[in-house]
Amino acid sequence: MLVINDTYYSAEDFDKKYTVFRKNKVLSDKKKNRIAVCLEDSATWLALCLYLKEKSISVMPIHPSTPLHAAERIAKKANCHVLYYHTLEIFTVLHEKALEAQDPGLIQMSSGTTGEPKCINRSWKSIDTEINSYTTTFSKPQEMTPVIACPITHSYGLISGVMVALARKQTPIIVNNINPKFLIKTLKKCDRPLLYTSPTMLEGLMRLWPKGSQLHAIMTSGTIMSRSVFEKISPHINHMFQQYGCSEAGCITINQNMTTNNDIGTPLSHIKLSSGKSIDSPEEIIATINTSSSELEKVKHIVHTQDIGYMQLNENGQLSLHFIARLDDTIIVAGLNVYPQDIEDVVLTHPDVTDAVAFKIEDPYAGQRICLHYTSNRVLDTHYVRSLCRLHLANHQIPQILKQVNTIERMPNGKISRKKLTDAFHQEKALKENATKDFADSAA
């Protein structure tokens with residue numbers, strides 16, 4: 001049925017777990033139809049998820065590294081009735097009374113990269129529609145071995161990775177051993193592996209990949225890899241795929257033949273898209289989704305993604321979506337739009353720069369200014385980095401504030417919260433101003 005690291009679990013193994021679940025009154029009580037789980041054992045989590053899906057009971061997965069109090073807070077905010085934390089033997093009651101009925105499904109929190117995370121409820125019916133559309137639209141992996149090296153508490157790893165593989169009657173391999181050497185060993189043992197991962201993890205993996213050897217296939221999601229990384233790793237991978245989606249809609253588009261880093265592909269069959277018509281006139285990406293595969297039950301759901309992009313014909317004559325930036329991440333300088341990735345791609349061309357992030361700073365006098373953080377293998381003077389930007393960017397795109405940092409914090413899916421960086425910048429600035437004022441007051 002599936003493999004987790006080196007351990008194989010058969011359908012009979014899962015049936016034994018289902019038998020235990022059926023004896024648990026809470027897990028069989030549809031009145032308590034919103035169950036939060038934070039489980040360390042991946043096999044138990046996957047079995048429970050499939051069981052609750054079959055029973056039409058809602059479940060909220062919480063990453064196993066989450067502390068107890070944080071898990072309780074998240075689950076309570078999502079209006080879950082109970083929380084199972086690290087075991088199914090004991091649970092915490094969060095809401096005694098049954099809440100208003102909702103379509104049962106998967107409960108998740110949005111990434112929160114641009115603000116407070118939101119609670120998203122996707123029905124099991126809409127997920128079945130996504131899986132059916134995914135498998136029919138994206139048929140190339142039918143003869144590949146899915147290797148899922150990303151969180152299976154998130155829809156990318158759980159739905160696109162595990163559930164799609166099971167729908168294809170494949171045996172997915174879930175790797176939660178974060179040692180890259182273990183992942184390489186696993187991939188080398190597989191017949192035509194298809195690796196599901198994030199661009200950040202993929203970049204690190206390819207640094208260690210055996211020279212002269214090709215990785216069969218990869219799928220990335222979560223964030224757009226930089227142009228320099230794409231150009232560096234693409235010669236060593238036979239098939240490069242990329243998918244785009246959001247918590248509200250699941251997978252929206254798939255690029256089945258990556259030739260550029262920001263082409264995120266054509267929509268799944270149950271989705272219609274609207275966006276900008278060219279690179280010079282990008283607009284918000286809006287998805288209209290048929291939430292059921294049944295013709296009689298089709299209900300259209302419109303999702304405003306808060307991302308901007310444009311449609312362009314690909315080599316097959318199909319309109320393909322190109323990602324530009326998050327709406328909230330766009331920086332307005334002198335009335336002109338500046339997109340962070342344009343700056344990051346330039347800075348990352350330098351061989352010593354290992355990571356970069358551009359974000360906006362609100363200035364009471366100058367409106368918005370561009371701040372750039374970067375990491376490097378050696379000390380790189382900020383004046384030198386700015387001069388590199390001047391060679392390749394327009395004046396309004398050049399960062400005003402540059403800083404070399406030790407690390408740039410990323411989420412497990414590779415995303416960066418630029419809002420957090422902006423908030424941290426203003427907090428640091430306020431602390432310095434207060435320290436200066438205190439020193440001046442004491443001197444006086």
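Colleague: Which residues form one aromatic cluster in this predicted model?

Modeller: The cluster is formed by Phe14, Tyr18, Phe21 and Tyr51, and the structure as a whole holds 9 aromatic pairs.

Colleague: What makes Tyr134 and Phe138 an aromatic pair, and why is the pair called edge-to-face?

Modeller: Their ring centres lie 5.8 Å apart, and the rings count as a pair because centres within 6.5 Å do so; the angle between the planes is 80°, and since planes over 60 degrees apart count as edge-to-face, the pair takes that name.

Colleague: How do you know whether Tyr134 and Phe138 are buried or exposed?

Modeller: Buried means under 20% relative accessible area, so Tyr134, at 1%, counts as buried, and so does Phe138, at 0%.

Colleague: Why is helix H6 called roughly perpendicular to helix H7?

Modeller: The axes of H6 (residues 180-189) and H7 (residues 199-208) come within 10 Å and cross at roughly 75°, and because angles of 65 to 115 degrees count as roughly perpendicular, H6 is given that description relative to H7.

Colleague: Which residues make that contact, and what is their class?

Modeller: H6 contributes Pro180, Leu183, Ile184 and Leu187, while H7 contributes Met201, Leu205 and Leu208; by class there are 7 nonpolar residues, with no polar and no charged ones.

Colleague: What makes strands E11 and E12 a pair?

Modeller: Strand E11 (residues 193-197) is joined to E12 by 4 bridges, the two running parallel, and they pair because at least two bridges are required. Leu195 has Ile218 of E12 as its bridge partner, and E12 (residues 215-220) is mostly covered, with 6 of its 6 residues buried.

Note on methods
Residues are numbered from 1 along each chain as its sequence is written. This is a predicted model: local features need pLDDT of at least 70, side-chain atom pairs count only at pLDDT 80 or more; totals for chains, interfaces and linings use all residues. Side-chain values use heavy atoms; hydrogens and water are left out. Rings of Phe, Tyr and Trp (its six-membered ring) pair if their centres lie within 6.5 Å; planes under 30 degrees apart count as stacked, over 60 as edge-to-face and the rest as tilted. Buried means under 20% relative accessible area, exposed over 50%, partly exposed in between (1.4 Å probe, protein chains only). Axes are lines fitted to C-alpha atoms, for helices over the stretch in contact, and angles run from 0 to 180 degrees between N-to-C directions. Angles under 35 degrees count as roughly parallel, over 145 as roughly antiparallel, 65 to 115 as roughly perpendicular and the rest as oblique. Contact means heavy atoms within 4.5 Å. Ala, Val, Leu, Ile, Met, Phe, Trp, Tyr, Cys and Pro count as nonpolar, Asp, Glu, Lys and Arg as charged, and the others, Gly among them, as polar.
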